[in-house]
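This briefing is for a reader new to the structure shown here. Please look through the sequence and the model before going on to the points that follow.

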Amino acid sequence: TAVSFMTPGLSTPENTFGLLKDLLSGLEDRLQSVRTNVDKRNQLAKATPSIWPTHGWLSSTAGNRSDPFTGENDFHPGLDISADKGDPVYATADGTVTNASMAGNYGNLVVIDHGYGLETRYGHLSAFKTKQGQTVKRGDLIGYVGATGNADPSAPHLHFAIFALTPEKQWWKGTPVNPYPMLGD
């Protein structure tokens, strides 16, 4: 009697091709899953603020400080970057502009929703180069340094802040995140 070493499922070419087709289909599904995860990570990276919004020098950091007008203790939710009036201001990550208008103490303010619960705010602008509803990419020009709102007119600067949004996604709510560690050299 002859002994067959063939696997019963591979006894015919049709069975062999069927098994290979099933294996390839499984690999294709796994590759699609990996591709989806890589795409999500790339989208998150593009939505994470990582460049300085303007060129200048840091004149105030995030955290507790003395209010420059009253001298009282104050919490500063972002960075102040001193620069010349009219210097360009750039989006620090991809997102959608949710506000580009006068906003009280912030003066001319641009707010960008980056998704993933992150939002950036660019205050005291002298002029806008974007509008509400516009989609922006990291590095896009969104406005110009100024001294509008509650800012010393002789000290133009950009107020830059990052906020983790509350579930209501209202721009005046959220938790401030110190931008400094997120920005590149």
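D94 is buried, as its relative accessible area is 14%, which is under the 20% limit for a buried residue. The model is predicted.

- D94 sits in the loop that joins strand 5 (88–90) to strand 6 (95–102).
- Leaving aside residues up to four places away in sequence, D94 is in contact with K46, A47, H114, V136, K137 and R138.
- One of these residues, R138, has its backbone nitrogen 2.7 Å from a polar atom of the D94 side chain.

**K137 and the salt bridge to D94**

- The structure has two salt bridges.
- In one of them the side chain of K137 meets that of D94, with 4.0 Å from N to O.
- This pair ties together parts 43 residues apart in sequence, because K137 is in the loop between strand 10 and strand 11 while D94 is in the loop between strand 5 and strand 6.
- Strand 10 covers residues 135–136.
- K137 is partly exposed at 49% relative accessibility, whereas D94 is buried at 14%.
- Not counting residues up to four places away in sequence, K137 touches A91, A93 and D94.
- The C-alpha atoms of K137 and T96 are 8.8 Å apart in space, although the two residues are 41 apart in sequence.

- Three bridges link strand 5 to strand 11 (residues 141–144) in the antiparallel sense.
- Y90 has L141, in strand 11, as its bridge partner.
- In general, the strands of a sheet pair through backbone hydrogen bonds, either parallel or antiparallel.

**The salt bridge of E119 and R121**

- E119 and R121 form a salt bridge in which the closest N and O atoms are 2.9 Å apart.
- E119 is buried at 2% relative accessibility.
- R121 is also buried, with a relative accessible area of 2%.
- The charged end of R121 sits over the ring of F163, at 3.5 Å from the ring centre.

**Aromatic pairs**

- The count of aromatic pairs is two.
- Y122 and F160 form a tilted pair, because their ring centres are 5.3 Å apart and their planes are at 45°.
- Y122 is in strand 8 and F160 is in strand 12 (residues 157–164), so the pair ties together parts 38 residues apart in sequence.
- Y122 is buried, with a relative accessible area of 0%.
- F160 is buried too, at 0% relative accessibility.

**Positive phi angles**

- Most residues other than glycine have a negative phi.
- Y116 is not a glycine, yet its phi is positive, at about 55°.
- Y116 belongs to the loop between strand 7 (108–115) and strand 8 (118–125).
- H124, which is not a glycine either, has a positive phi of about 70°.
- H124 is part of strand 8 and is buried, with 6% relative accessibility.

How values were computed:
Residues are numbered from 1 along each chain as its sequence is written. This is a predicted model: local features need pLDDT of at least 70, side-chain atom pairs count only at pLDDT 80 or more; totals for chains, interfaces and linings use all residues. Side-chain values use heavy atoms; hydrogens and water are left out. Helices (H or I, at least four residues) and strands (E, at least two) are DSSP runs, numbered from the N terminus. Buried means under 20% relative accessible area, exposed over 50%, partly exposed in between (1.4 Å probe, protein chains only). A polar contact is a pair of N or O atoms within 3.5 Å; within protein, one must be able to donate a hydrogen and the other to accept it, and residues adjacent in sequence count only if both atoms are side-chain atoms. Contact means heavy atoms within 4.5 Å. Two strands pair if DSSP finds at least two bridges between them. Rings of Phe, Tyr and Trp (its six-membered ring) pair if their centres lie within 6.5 Å; planes under 30 degrees apart count as stacked, over 60 as edge-to-face and the rest as tilted. A charge sits over a ring if NZ of Lys or CZ of Arg is within 6 Å of the ring centre and within 35 degrees of the ring normal.
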